[in-house]
Amino acid sequence: MSGALLVIIAVSAAAFAVLLVAVASTLPEVRRERVMRTLAVFTGRPDGRQNRDQTSGATHALIEIGDRIGALISPPSDRERLVRMLELAGNPVAWPAARVIRLRPLAMLVLPLLMAGVGNTFKGQPGAIVGAILGVALGYGMPLILIYNASIKRQELMQRALPDVMDVLVIGVEAGLGLDSAMDQVARGTRGPIADELHRVLQEMRLGVARSEALRDLSQRTTVRDLRRLVTALIQAGELGISVAPILREHAADQRIRRRQRAEEAAQKVPVKMLFPILFCMFPAIFVVIIGPAVIQLIKTFSNS
């Protein structure tokens with residue numbers, strides 16, 4: 001019965017995939033494909049891609065089908081949320097938005113089969129059904145979960161590195177460099193997400209974007225409040241013609257204080273975090289060692305009497 005149930009789930013998943021392919025084949029081309037075909041007029045390539053000649057036509061057909069199925073099951077609001085999370089995660093080169101949307105149908109097809117097999121192993125037919133349902137939900141939400149986790153980690157790295165970056169900016173400005181040159185020194189001499197963001201700001205300014213607009217875009221790509229406050233202060237200083245050296249100096253001093261406060265807060269949380277491991281792991285062993293001999297002695301005494 002369990003083997004037949006797995007076969008039914010597999011056939012249902014395959015039928016669902018075929019249905020999605022059929023529906024996706026009738027949809028119009030996604031925006032990316034239209035742009036690529038428009039670029040083909042200027043590039044002289046069949047579809048404007050640089051590595052088209054290195055891959056087979058079947059691979060490109062599967063990629064196009066995956067793009068269309070991903071666009072079918074991903075509403076516009078979900079795609080906007082995905083793009084926003086990718087911005088916060090630093091837009092990883094290996095994971096563009098198109099690839100994430102393309103892999104979502106594959107995850108929704110593979111994970112239900114795996115989780116149905118696991119559920120069938122432990123709970124039989126009900127476990128297989130529940131596992132398949134959970135696999136579909138997990139396959140749909142896994143890309144967003146992974147990207148959200150990456151964005152949270154990147155923002156934490158930016159928060160930790162901000163005081164040191166502020167010190168370098170203050171040293172550069174007080175040494176006679178302009179703000180743009182100081183940011184360039186930080187982008188060249190340090191590594192990390194803040195250096196990458198400053199490098200992107202400088203690249204946008206070299207392309208003709210105003211400094212205030214580039215800084216506003218930087219503020220939109222982060223959730224670190226201290227960095228957003230600094231960007232707002234720099235924009236206002238540029239619009240009002242105020243020197244940025246005192247502003248950077250004050251923010252650098254404030255960041256050092258905040259870093260010390262965060263360290264003290266983390267130290268205050270340690271006893272609370274250690275409470276439950278001590279309560280459930282160490283106390284039982286201590287009770288056995290201390291009270292165990294007395295209990296054994298009481299048992300012997302009552303048994304003899």
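Helices (H or I, at least four residues) and strands (E, at least two) are DSSP runs, numbered from the N terminus. This is a predicted model, in which local features need pLDDT of at least 70, side-chain atom pairs count only at pLDDT 80 or more, and totals for chains, interfaces and linings use all residues. Residues are numbered from 1 along each chain as its sequence is written, and side-chain values use heavy atoms, with hydrogens and water left out.

**View 1. The protein has 11 helices and zero strands.** Welcome to the overall picture: from the N terminus on, the elements run α-α-α-α-α-α-α-α-α-α-α. Of the 305 residues, 32% count as buried, where buried means under 20% relative accessible area, exposed over 50%, and partly exposed in between (1.4 Å probe, protein chains only).

**View 2. Leu169 and Leu248 touch the most other members of the largest nonpolar core, which has 33 residues.** A nonpolar core is a set of buried Ala, Val, Leu, Ile, Met, Phe, Trp, Tyr and Cys residues joined through side-chain atoms within 4.5 Å. Two or more residues come from each of helix H6 (125-174), helix H7 (179-189), helix H8 (193-206), helix H9 (211-220), helix H10 (225-240) and helix H11 (244-304).

View 3. Look elsewhere for a second, separate core of eight residues, which includes Leu82, Met85, Ile101 and Leu144.

**View 4. The largest cavity holds about 100 Å³ of space.** On a 1 Å grid over the protein atoms alone, a cavity is a set of points where a 1.4 Å probe fits but cannot get out, and lining residues have an atom within 4 Å of a point. Of the 14 lining residues, Leu169, Leu198, Leu218, Leu227 and Leu230 are the closest to the centre of this cavity. H6, H8, H9 and H10 each give two or more residues to the lining.

**View 5. The second largest cavity holds about 40 Å³ of space.** Its lining consists of Ser74, Asp78, Arg79, Leu82, Val100, Ile101, Arg104 and Pro143. Helix H4 (76-88) and helix H5 (97-123) each supply at least two of the lining residues. Volumes here are the space filled by probe spheres set on the grid points, which are joined across faces, edges and corners.

Methods. On a 1 Å grid over the protein atoms alone, a cavity is a set of points where a 1.4 Å probe fits but cannot get out, and a pocket is an open set with protein on both sides within 12 Å along at least five of seven lines; lining residues have an atom within 4 Å of a point.
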